[in-house]
Amino acid sequence: MKPFCLFLCCVVVFCLVGCGAEQPTPAPETTTVTTTTTSVSETTTTTAITTTTTTTTTRTTATTARKTTATTTTLTPTTTTTAVREVTVTIPEGYSFMQIARLLEQKGVCSAEDFYNECQTYTPQSFSIPISEDRCFRMEGYLFPDTYRFYINDNPRNVLIKMLNNFRSKVGDVSDETLILASIIEREARSEKHMKLVSSVFHNRLNNRKEFLYLNADPTRDYVNQYITDNPLVSNQSKFAPLYNTCGKRIGLPAGPICCPGLQAIRAALEPTESPYYYFFYGKDYDNHYSVTLEEHEQKMAEIGVCLE
């Protein structure tokens with residue numbers, strides 16, 4: 001038994017020595033795990049992070065930065081600005097109310113009808129204009145001829161007020177009778193140099209009613225035919241002929257002005273030249289001719305001829 005036990009002990013010692021020898025430590029296993037993370041913002045920078053565990057296994061985590069550019073839409077409020085347009089309107093001396101109303105409509109300021117309606121009902125604040133059923137166009141004579149600036153599609157009252165203020169500023173206080181006579185002079189004289197002499201003829205007739213019951217001013221008859229008759233804005237048209245036509249129908253001055261006279265015609269009505277004349281005509285030589293008697297007047301017309309333009 002002893003020899004067998006000794007043999008067994010040797011075998012055990014041998015095995016223990018062989019199995020317990022120090023072996024090289026194997027290199028720790030390195031496991032690389034790559035994780036992709038998506039990050040969203042306007043401008044984002046992401047740095048890769050490496051994490052090492054306390055164990056022999058080292059884990060390296062790489063984060064891939066992804067830049068996402070956000071598109072921002074900015075809404076800018078749109079403001080629509082409508083430009084208010086102006087227009088220049090020149091009203092010549094001697095234009096009638098209807099000519100002015102149609103000119104305003106033609107220029108796009110306001111319609112002739114709207115302007116007519118405003119003028120028939122408006123009452124000036126700074127001076128008075130006669131109110132009478134016998135007057136066809138209430139503002140006739142008071143719309144001062146000048147160059148104006150108006151808005152396109154303007155308010156008819158604003159247009160009227162601007163003209164009346166201009167009349168008040170340029171003319172001042174003047175009687176309605178003076179304005180009526182000035183309107184006839186404006187249409188008859190054809191030029192400023194004849195205005196005071198034409199005025200003297202009408203003053204002489206008005207001061208001699210015994211021989212000159214009627215003023216016999218042709219433009220008063222033309223006024224009725226051109227601006228009252230067949231005018232859709234004017235009702236009861238037939239009543240105005242005997243109120244305006246001074247050629248054998250209306251005694252003295254017409255019921256109202258027949259146009260809008262300028263300053264020269266108004267001054268001529270106020271300050272006529274002294275003369276003996278009762279007659280005049282516009283000849284084919286494009287000049288005025290004056291006479292004291294009807295016989296002389298007719299003789300000159302026969303010799304020179306009457307210009308009907």
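**Close-ups of a predicted model**

**View 1. The largest nonpolar core takes in 65 residues.** Leu-104, Phe-115, Met-163 and Tyr-244 are the ones with the most contacts inside this core. A nonpolar core here is a set of buried Ala, Val, Leu, Ile, Met, Phe, Trp, Tyr and Cys residues joined through side-chain atoms within 4.5 Å. Buried means under 20% relative accessible area, exposed means over 50%, and partly exposed is in between (1.4 Å probe, protein chains only). Helix α5 (residues 176-189) gives the core its largest share, seven residues. Helices (H or I, at least four residues) and strands (E, at least two) are DSSP runs, numbered from the N terminus. In soluble globular proteins, nonpolar side chains tend to be buried together.

A quick note on the model: it is predicted, so local features need pLDDT of at least 70 and side-chain atom pairs count only at pLDDT 80 or more, while totals for chains, interfaces and linings use all residues. Residues are numbered from 1 along each chain as its sequence is written, and side-chain values use heavy atoms, with hydrogens and water left out.

**View 2. Here's who Met-163 touches.** Skip its neighbours within four places in sequence, and Met-163 is in contact (heavy atoms within 4.5 Å) with Ile-91, Ile-100, Leu-104, Phe-115, Tyr-142, Leu-143, Phe-144, Tyr-148 and Phe-150.

**View 3. Tyr-142 and Phe-167 make a tilted aromatic pair.** The whole structure has 18 aromatic pairs. Rings of Phe, Tyr and Trp (its six-membered ring) pair up if their centres lie within 6.5 Å; planes under 30 degrees apart are stacked, over 60 edge-to-face, and the rest tilted. For Tyr-142 and Phe-167, the centres are 5.2 Å apart and the planes are at 55°. Tyr-142 sits in the loop between α3 (112-121) and β4 (147-151) and Phe-167 in helix α4 (residues 156-170), so this pair ties together parts 25 residues apart in sequence. Tyr-142 is buried at 3% relative accessibility, and Phe-167 is buried at 2%.

**View 4. Phe-202 and Phe-280 meet edge-to-face.** Their ring centres are 5.9 Å apart, with the planes at 85°. Phe-202 belongs to helix α6 (residues 195-206) and Phe-280 to strand β5 (residues 279-282), so the pair links parts 78 residues apart in sequence. Phe-202 is buried, at 0% relative accessible area, and Phe-280 is buried too, at 11%.

View 5. Leaving out neighbours within four places in sequence, Leu-197 is in contact with Thr-273, Ser-275, Tyr-277 and Tyr-290. The C-alpha atoms of Leu-197 and Tyr-277 are 8.5 Å apart, although these residues are 80 residues apart along the chain.
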